[in-house]
Amino acid sequence: MKRFSVLLALGLALGSCGPSTGSGPVDVAIVGEPESLFQQGIRLSPAAQHVRAASFEGLVALDPAGQIVPAIAERWIVTDDGRSYIFRLRNTSWPDGADITANDIRALLRDTISRLEGTSLGLDLAKVVEVRAMTGRVVEVRLSSPMPEFLRLLAQPELGFVKNGSGAGPMVASRDGEASIVRLSALPPEARGFPARENWEDLARTLTVRALPAEAAVEAFTNGDIDLLLNGRLSSFPLAQLGPLSRGAIQVDPSIGMLGLAIRNDGGLLSDPARREALSMALDRSALIEPFGLGGWQPTTWIIPPSLFAEPPYPDTRWPDLSIEERQRMASQRIAAWEAASGEGAELRIGLPAGPGSDLLFEQLRDAWAAIGVISVKVAPGAGADLELRDRLARYTSPRWFLNQFNCELEIGLCSPEADALVRESLSQSDPFSKQQVLAEAHAELVQQEVFIPLGAPVRWALVRGAVDTYQANQWGLHPLFPLSQPTT
């Protein structure tokens, strides 16, 4: 059966006004600006990532727990040297009814990787040296050296395949008129290359997805208008604790990534690495999070958590032999010396997103830096900040992901050409120990230049109604929408 005839048979309908009871439509809100839901291309908002993942499959995908599962590739093998991934494609078709072939996937994957150049995800994919079609349904991807987490990269929403403006599912997305709402309906199993299921259309659930500012999203959940709220951040976390309905519904992801302050201006007070270090030294990171009541949050003084190395090349924390009082005293001396030499006052503009969590964080930063003689002023991101919050989820757990966030090509803050050169050197290293040694040297270079003030792990939270039984917290912050539609009986 051709895909377009299947779509006509689905008879998509917009969901009901109230929350799901377990059998009706599921209403989802993703924190963000409404139009961010419809972003296209290679730079996607979290809302657009979730819709892309639902409607444009890649070779592999993520399940609710964040584990790799088959998608367009029904199975794969990895060669003994870890440098070749060979995928066998599922016997399925594009929306126009044409078979999905290895030649299609080769061309689309090459094109996507090319278009990702100049992005951090493009840097993550730098080990790909060749994509080739071996037979009609077999594709090989060769790497410059082993990458155990390569499949996780291929599962990123940006690597979902788009042909003639359409994807291969597993869901079909359509915009609800002029409203900022996407309707998602799962394709029947037979349209995805699987055996038909009796009464499937009566059992499967449709989804409505919208992007809303955090306060509006929490209000919609409290009012019973949505079943699932995704992509809450530290900046909005206090909102999740409002009202009796949200209690027990809050789910906090065990996120991995980076949360800290990028150096946006390397002049004046910030021109010297020692003074940038002083700002980092002055922070009691555990105290920063106390007002949020976030148990289990992991603070860090390093760009890369040492636990990500097989043999940690540095201690758990910087300045292990100094108390916070001693660190602040040293920092204060460096700031005072600069003020005396320059004749200027120490003042910094801190770029933070709007939200009650940002207000709490700013108060903690302001007080810590006031103790060393620095005046802090809060500004919006992009409004001439000297330091600006960077809040990123990792796509995989290698130290290379963290290092790629500071690549000079990205032009998003201070960087180190020497660190970039070491990361490039690591791409051809086949020995795991040698590779990690080179990456540790790159990290040491970034730390020496004090390009970043790390705070800790990023925060991602969700509000989940009891009827949504397929949701699972995971460390990647990507929560597949397709499983929400699947029959549970």
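Helices here are DSSP runs of H or I with at least four residues, strands are E runs with at least two, and both are numbered from the N terminus. The model is predicted, so local features need pLDDT of at least 70 and side-chain atom pairs pLDDT 80 or more, while totals for chains, interfaces and linings use all residues. Residues are numbered from 1 along each chain as its sequence is written, and side-chain values use heavy atoms, leaving out hydrogens and water.

**Exercise 1.** Find the helix that holds glutamate 326, then work out how exposed this residue is.

*Solution.* Start with the helix: glutamate 326 sits in H11, residues 324–342. Next, check its relative accessible area, which is 32%. Buried means under 20%, exposed over 50%, and partly exposed in between (1.4 Å probe, protein chains only). So glutamate 326 is partly exposed.

**Exercise 2.** Explain why helix H9 counts as largely enclosed.

*Solution.* Take the helix, residues 273–281, and look for buried residues: Arg275, Arg276, Glu277, Ala278, Leu279, Ser280 and Met281. That's seven of nine, so the rest of the structure largely encloses H9.

**Exercise 3.** Which parts does the salt bridge between lysine 163 and aspartate 104 tie together?

*Solution.* First, the side chains meet at 3.4 Å, N to O. A salt bridge needs a side-chain nitrogen of Lys or Arg within 4 Å of a carboxyl oxygen of Asp or Glu. Now place the partners: lysine 163 is in the loop between helix H5 (150–154) and strand E8 (171–175), and aspartate 104 is in helix H3 (residues 102–115), so the pair links parts 59 residues apart in sequence. Finally, lysine 163 is partly exposed at 24% relative accessibility, whereas aspartate 104 is buried at 16%.
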